[in-house]
Amino acid sequence: MKYVTEYRDAALVQGVMERIRRLVTRPWVIMEICGGQTHSIVRYGLDQMLPPEIELVHGPGCPVCVTPLELIDKALAIASRPEVIFCSYGDMLRVPGSGRDLFSVKAAGGQVRVVYSPLDAVEIARQNPEKQVVFFAIGFETTAPPNVMSVLAARRLGLKNYSILVSHVRVPPAMEAILSAPANRVQGFLLAGHVCTVMGYWEYLPLAEKYRVPMTVTGFEPLDLAQGLWHTICMLEEGRVAVENAYARSVTLEGNRAAQETIRQVFEECDRTWRGIGVIPMSGWWLRPEFAEFDAEKRFDVEAIRPQESPICIAGQILQGQKKPRDCLAFGKECTPEHPLGATMVSSEGACAAYYRYGR
Amino acid sequence: MSDDPKPVQLPAFESPVCPVPLPHNEQIVLGHGSGGKMTHDLIRQIFLAAFDNPVLRAGDDAASLEIAEGCLAISTDSHVVSPLFFPGGDIGRLAVCGTVNDVAMLGARPLYLTASFILEEGLPLSTLERVVASMKAAAEEAGVQIVAGDTKVVEKGKADGMYITTTGVGLRRPGRLIGGAQARPGDVVVLSGPIGDHGIAVLSARGELGFETDLQSDVAPLNRLIQVMLDAAPDLHVLRDPTRGGLATTLNEIARQSGCGLVIHEAAIPIRPAVLAACEMLGFDPLYVANEGKVVAIVPADEADALLEAMRRTRYGEEATLIGQVTADPPGRVLLRTAIGATRILDMLAGEMLPRIC
């Protein structure tokens with residue numbers, strides 16, 4: 001397959017790993033921001049090929065994991081309504097809310113549908129004018145353009161029965177929260193290639209400078225990840241701080257300007273709660289007032305829902321790179337992918353699920 | 001389905017309480033499950049016409065079969081699939097092959113099937129006829145006879161078109177012990193061909209996910225291939241078809257049953273580019289995607305060459321290949337040597353495989 005198999009070449013990956021082994025002189029802690037990268041690292045066993053000095057910690061970049069319980073409970077409340085067809089990306093279905101998930105809502109007769117694109121949800125709204133169609137608009141900068149496109153499409157079609165439940169978050173404020181925390185251990189970052197494809201990487205230059213932390217824009221295939229690690233470790237060993245781009249086949253400094261403009265047209269920045277972490281100022285997006293009619297929270301009057309988290313789950317510390325899944329007392333016991341206590345055990349991009357599945 | 005006839009308007013006297021047989025009914029109505037004349041007509045015109053054999057024709061409450069002395073292998077399986085027709089197969093072919101293959105996986109020769117139909121009111125008769133014709137073709141290909149059956153009709157909305165349950169009976173070769181527990185350290189793992197075709201073909205046929213492929217389901221009766229394998233590898237230890245849960249789940253079952261470790265080489269597992277591409281896009285792992293015409297075999301290393309050579313001469317084993325070894329450690333677990341040369345545990349799937357967000 002073009003641009004995929006080439007980046008899974010065992011000899012090339014092993015070559016980069018060998019260069020890393022020869023280069024490293026002391027311990028370094030590096031965080032991969034994106035859950036897709038965590039998944040790739042454990043799926044291919046890249047972490048096992050690294051020299052013992054390099055410790056990878058897993059970042060908060062799993063949209064499913066950081067979506068707050070409050071929004072999941074709101075989703076469950078909306079999806080349970082008889083007049084609603086609730087559309088979601090697949091892996092949100094198993095995320096536990098307070099006591100149940102979207103699967104159980106579906107089993108109890110709720111209309112819950114998996115879609116691959118929010119535009120499919122718009123189409124469902126067009127075909128079912130007697131129903132209210134709600135799309136669970138979660139994710140980072142990567143899913144923001146299609147999510148806002150669905151709102152623009154619904155407005156263009158004059159649909160009165162389409163709305164989105166927004167839980168959008170942004171990477172740079174989360175990185176700043178991690179770097180400014182007293183317990184921070186992270187010395188270098190692999191930046192999320194998909195996020196940077198949309199947003200570029202100019203936003204990270206001041207962050208790298210302010211906290212003196214090198215960063216590398218990194219892709220998702222084994223060779224991409226090996227290259228990202230190589231760049232980051234080079235900078236760490238040389239005492240150099242910069243933002244380098246090891247995913248140039250997809251990412252430019254300024255990113256996709258048209259996509260950014262579309263996002264700004266529909267969304268504005270807001271404070272967001274990150275599941276397990278808490279409120280991070282100006283870390284997310286919500287709908288601008290002129291698009292309020294598409295806001296499912298307003299349409300279904302669920303703004304008052306305020307739930308409580310499981311007291312055992314340490315997903316928050318895991319998402320900030322302070323702890324690993326194995327540090328959790330519930331890991332693999334009370335908490336498994338079949339019965340997750342926290343969202344990091346649910347999504348295939350979640351660190352706990354990845355550790356469990358790949359036997360770490 | 002687009003080619004289905006429009007539901008016919010029934011006369012006012014046709015009701016669930018008092019089914020009056022209509023000579024030219026074009027769809028299933030509750031009366032077809034009444035046990036009365038409509039049921040008999042349905043059996044005679046559709047099932048008996050297709051599956052005709054002396055046992056079925058006798059029309060008794062049970063099939064009476066004479067078999068040689070030996071050991072019976074029996075398996076039963078219910079088949080539910082949406083859509084009923086998909087590229088490369090349909091629920092009928094699936095219902096025959098699924099059970100034929102399960103019986104064959106014990107090293108047995110499948111001989112007879114029973115078939116039980118749950119039909120939804122309103123199902124076009126032409127659909128039932130197509131499915132039954134497909135079952136007939138699959139049964140002929142496998143060399144098995146359908147010797148007993150049952151039909152029930154449920155109200156509209158209480159089923160998804162039709163469900164078919166088949167039970168298969170076969171004869172085991174005397175003296176041969178084949179099963180998951182028989183794997184031994186030093187054995188090798190053989191796979192009959194590329195994985196994931198069925199799962200991805202059905203998924204794309206559903207049309208909900210917005211992608212199309214020209215992939216065909218691999219659904220096929222494997223009993224003739226299995227006979228060839230048993231002849232080529234006299235000391236064959238394990239046969240298993242990696243259906244639901246995919247190859248990874250099947251390998252884990254064998255590891256747990258035998259208490260051995262399995263070491264699988266990711267790069268050696270054949271996967272078609274279309275399956276790989278669909279999995280990349282959907283966030284699926286092909287190792288967990290269903291197959292309906294593949295077999296995993298575990299044999300002593302010294303029988304592997306003869307086995308592979310014999311398999312590759314058959315229609316359903318052309319792309320057979322060696323994918324791994326059986327080891328003493330780690331007991332009961334499957335290790336995957338990844339494409340880039342690292343090693344990780346390959347676990348069973350927890351729950352349903354869900355498409356990833358991005």
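Buried means under 20% relative accessible area, exposed means over 50%, and partly exposed lies in between, with a 1.4 Å probe and protein chains only. By that rule, buried residues make up 61% of the 360 residues in chain A. This is a predicted model, in which local features need pLDDT of at least 70 and side-chain atom pairs count only at pLDDT 80 or more, while totals for chains, interfaces and linings use all residues; side-chain values use heavy atoms, with hydrogens and water left out. Residues are numbered from 1 along each chain as its sequence is written, and chains are lettered from A and ligands numbered from 1 in the order in which they are written.

**Fold and dimensions of chain A**

- Chain A has 16 helices and eleven strands; helices (H or I, at least four residues) and strands (E, at least two) are DSSP runs, numbered from the N terminus.
- Along the principal axes, the C-alpha atoms of chain A fill a box of roughly 65 × 45 × 40 Å.
- Of the contacts in chain A (heavy atoms within 4.5 Å) between residues at least 6 apart in sequence, 78% join residues at least 24 apart.

**Surface and charge of chain A**

- Chain A exposes about 13,800 Å², and carbon and sulfur atoms supply 54% of this area. Accessible areas come from the Shrake-Rupley method with a 1.4 Å probe; for residues, only the protein chains shown count as cover.
- The mean positions of the 38 positive and 40 negative charges of chain A are 2 Å apart. Lys and Arg count as positive and Asp and Glu as negative, without His and the chain ends; the charge is placed at NZ of Lys, CZ of Arg, CG of Asp or CD of Glu.

**Backbone exceptions**

- Most residues other than glycine have a negative phi, and most peptide bonds are trans.
- A:M282, not a glycine, has a positive phi of about 50°. A:M282 sits in strand β11 (residues 278-287) of chain A and counts as partly exposed, at 40% relative accessibility.
- A:D301, also not a glycine, has a positive phi of about 55°. A:D301 is in the loop between α14 (296-299) and α15 (315-319) of chain A and is exposed, with a relative accessible area of 64%.
- B:S82 and B:P83 are joined by a cis peptide bond with omega about 0°; B:P83 lies in the loop between β1 (71-79) and β2 (85-86) of chain B.
- B:D329 and B:P330 are joined by a cis peptide bond with omega about -10°; B:P330 lies in the loop between β11 (321-327) and β12 (334-337) of chain B.
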